[in-house]
Each structure stands twice: as structure tokens, then as C-alpha cells.
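Dear colleague,

I am passing on the structure we talked about, with a short account of what was found in it. Please keep the sequence and the model open beside this message as you read.

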Amino acid sequence: MRIRDITFVKGAASWSGLPSDGLPEVAFAGRSNVGKSSLLNALAGRRTLARTSGTPGKTREFNYYLVNGGLYFVDLPGFGYAKTSKQERARWARLIERYVTERDPLRLLVHLVDSRRAPGEIDRSFIEFMRGQDAPYAIALTKCDKLSGNERAKSERGMREALAALGLEIPVFSTSSQTKRGLPALLEWIGTIATIHT
Ligand SMILES: Nc1nc2c(ncn2[C@@H]2O[C@H](COP(=O)(O)OP(=O)(O)OP(=O)(O)O)[C@@H](O)[C@H]2O)c(=O)[nH]1
Ligand SMILES: [Mg+2]
């Protein structure tokens with residue numbers, strides 16, 4: 001798909017704040033600081049659409065972006081941000097789980113994982129959680145501009161092996177918001193799954 005038009009619609013901090021218009025949703029989830037907001041900006045071809053930060057925990061709401069007037073991109077709050085209270089973390093984790101299990105308009109969840117590290121505890125438990133869900137699921141390895149070609153191949157292979165060990169067959173994209181590597185392929189996949197006619 002091609003993004004002709006993208007606008008920020010709203011930030012929702014609770015379940016009742018999510019839009020009720022039923023438009024299909026593609027959600028971006030991942031650890032705090034993994035590069036969710038940057039990826040959204042890069043996909044949109046805009047620098048300042050979503051707020052990014054070197055400080056983790058920037059995105060504290062479900063941020064809704066309307067794409068081409070007919071589809072939402074949803075920037076989910078980062079999970080596992082260590083500096084928020086345990087209670088706060090648990091609340092967001094429950095909200096994200098509820099979103100994945102109950103949100104009817106959800107068409108695709110893109111899970112962002114740092115390409116420079118083996119998937120950590122939080123990522124692995126999220127992958128296990130997603131395994132039991134109906135929603136289509138893909139993984140985007142982020143910040144791959146920081147890796148050499150060899151390292152990138154190794155990081156992809158590591159992720160594919162981890163997924164295969166769980167019996168999961170889902171796409172893995174190596175991406176960089178800086179060089180835009182992997183973004184056309186990811187966008188193509190999003191368009192296919194969300195079956196949006198643009
Ligand atoms: N080199 C490089 N840095 C990146 C890339 N994407 C994001 N970053 C950097 O990583 C940091 C975090 O990026 P964000 O996009 O704010 O991360 P986030 O996942 O939205 O973080 P939260 O909102 O806190 O959950 C920023 O300093 C970005 O500049 C990338 O593709 N390459
Ligand atoms: Mg963010």
C-alpha cells in the first residue's frame with residue numbers, strides 16, 4: 001500500500017477512549033524505546049508525526065493515526081518500561097492484552113524487536129502470548145542500520161529460529177527507520193493483510 005495521507009486523530013489512555021467507528025486497525029507494539037514511533041514516522045514519510053525520544057516511556061497512550069481516510073495505525077504504549085511503577089506497567093500490560101484479545105477492528109499486530117539483541121524475556125513472553133491469538137501477527141526487527149550485513153542476517157535467523165521453535169510461521173522484516181530498509185516490504189504486507197484499497 002501507499003500512504004497518501006496520515007493524520008493524528010487521538011491518544012486514548014483507557015479502553016473507553018478507543019474509537020468506535022469500526023475502521024480497521026494495524027497496531028505497533030514493542031518494548032519501550034524499540035523504535036515504534038520512529039517506524040511510524042518513517043512509514044508515513046514524516047519526521048514529526050509521532051513523538052520520538054531517547055528517553056524510554058514516551059508513548060503513554062494508544063495513539064491513533066488515520067491513514068488514507070480508511071485505516072488506523074495504532075502506536076501502542078511501550079511495554080516493560082522499567083521506570084514506571086509496577087502497578088502502572090501491569091495496567092498497561094492488561095490493556096494491551098485486552099486490546100489484542102478483544103478489539104474487533106484489529107487486523108494486524110506488528111511486534112517490534114530490537115535487531116541488535118536476542119529477544120529478551122518480555123519479547124518472548126509477548127510472542128508466546130500472540131501464539132494463542134487470532135489476530136495476524138508479524139515481527140519487525142528495528143534499527144538494523146546499526147548492524148553489518150552479517151549481523152543482520154544473524155539477527156533475522158535468530159528470530160526465525162525462535163519463532164520456529166514455538167511453531168509460529170509469521171513474517172519477519174528487518175527494518176531501519178533511518179535508512180528505510182525493509183519499510184516498503186512491511187508496508188506491502190500491511191496493505192495485503194488490512195485489505196485496504198488505496
Ligand atoms: N539508529 C537508529 N535509531 C533509531 C531507529 N529507530 C528509532 N531509533 C532511536 O531509538 C530511540 C527510541 O525511538 P522511539 O521511536 O521514540 O521509540 P518508541 O518505541 O516509540 O519508544 P516509547 O514511546 O518510549 O515506547 C530514539 O532515540 C530514536 O532516534 C532506527 O531505525 N535506527
Ligand atoms: Mg513511542
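Two strands are said to pair here if DSSP finds at least two bridges between them. With that in mind, strand 3 (residues 62-67) and strand 4 are joined by 5 bridges and run antiparallel. Please bear in mind throughout that this is a predicted model.

To begin with the whole chain, the protein has 5 helices and 7 strands, and from the N terminus on these elements follow one another as β-β-α-β-β-α-β-α-β-α-β-α. The radius of gyration is 16 Å, close to the 16 Å that the globule rule gives for 198 residues, so the protein is as compact as a globular protein of that length. Its C-alpha atoms fill a box of roughly 45 × 40 × 35 Å along the principal axes, and 37% of the 198 residues count as buried. Among contacts between residues at least 6 apart in sequence, 72% join residues that are at least 24 apart.

The 7 strands form an open sheet with mixed pairing, in the order 1-3-4-2-5-6-7. Strand 1 (6-12) and strand 7 stand at the edges with a single partner strand each, so one side of each has no neighbour in the sheet. Neighbouring strands of this sheet are turned against each other by 25° on average, if direction is ignored.

How many of the residues of strand 4 are buried? The count is 5 of its 5 residues, and both faces are covered, with Leu71, Phe73 and Asp75 buried on one side and Tyr72 and Val74 buried on the other.

Helix 4 (residues 149-165) has 17 residues and reaches 24 Å from its first C-alpha to its last, close to the 24 Å expected at 1.5 Å a residue. Which residues of helix 4 are buried? They are Arg152, Ser155 and Met159. Seen down the axis of helix 4, these buried residues fall within an arc of 65°, so they line one face of the helix. An α-helix has 3.6 residues a turn, so residues three or four places apart point the same way. On the other side of helix 4, Gly149, Asn150, Ala153, Arg157, Glu161, Ala164 and Ala165 are exposed. The cover over the buried residues includes strand 5 (106-114), strand 6 (137-142) and strand 7 (172-174); helix 4 lies across these strands, and runs at about 160° to strand 7. After helix 4 comes Gly167, whose phi is positive, near 75°.

Phe126 has 23 other C-beta atoms within 10 Å, and because 20 or more make a residue buried, Phe126 counts as buried. From Phe126 to Ala29 the separation is 97 residues in sequence, while their C-alpha atoms are 9.6 Å apart in space.

With best wishes

How values were computed. Residues are numbered from 1 along each chain as its sequence is written. Chains are lettered from A and ligands numbered from 1 in the order in which they are written. This is a predicted model: local features need pLDDT of at least 70, side-chain atom pairs count only at pLDDT 80 or more; totals for chains, interfaces and linings use all residues. A residue is buried if 20 or more other C-beta atoms lie within 10 Å of its own, exposed if 12 or fewer, and partly exposed in between; C-beta atoms are placed from the backbone. Helices (H or I, at least four residues) and strands (E, at least two) are DSSP runs, numbered from the N terminus. The expected span of a helix is 1.5 Å times one less than its number of residues. The arc is that of the directions from the helix axis to the C-beta atoms. Two residues are in contact if their C-beta atoms, placed from the backbone, lie within 7 Å. The radius of gyration is taken over C-alpha atoms; the globule rule is 2.2 Å times the number of residues to the power 0.38. Axes are lines fitted to C-alpha atoms, for helices over the stretch in contact, and angles run from 0 to 180 degrees between N-to-C directions.
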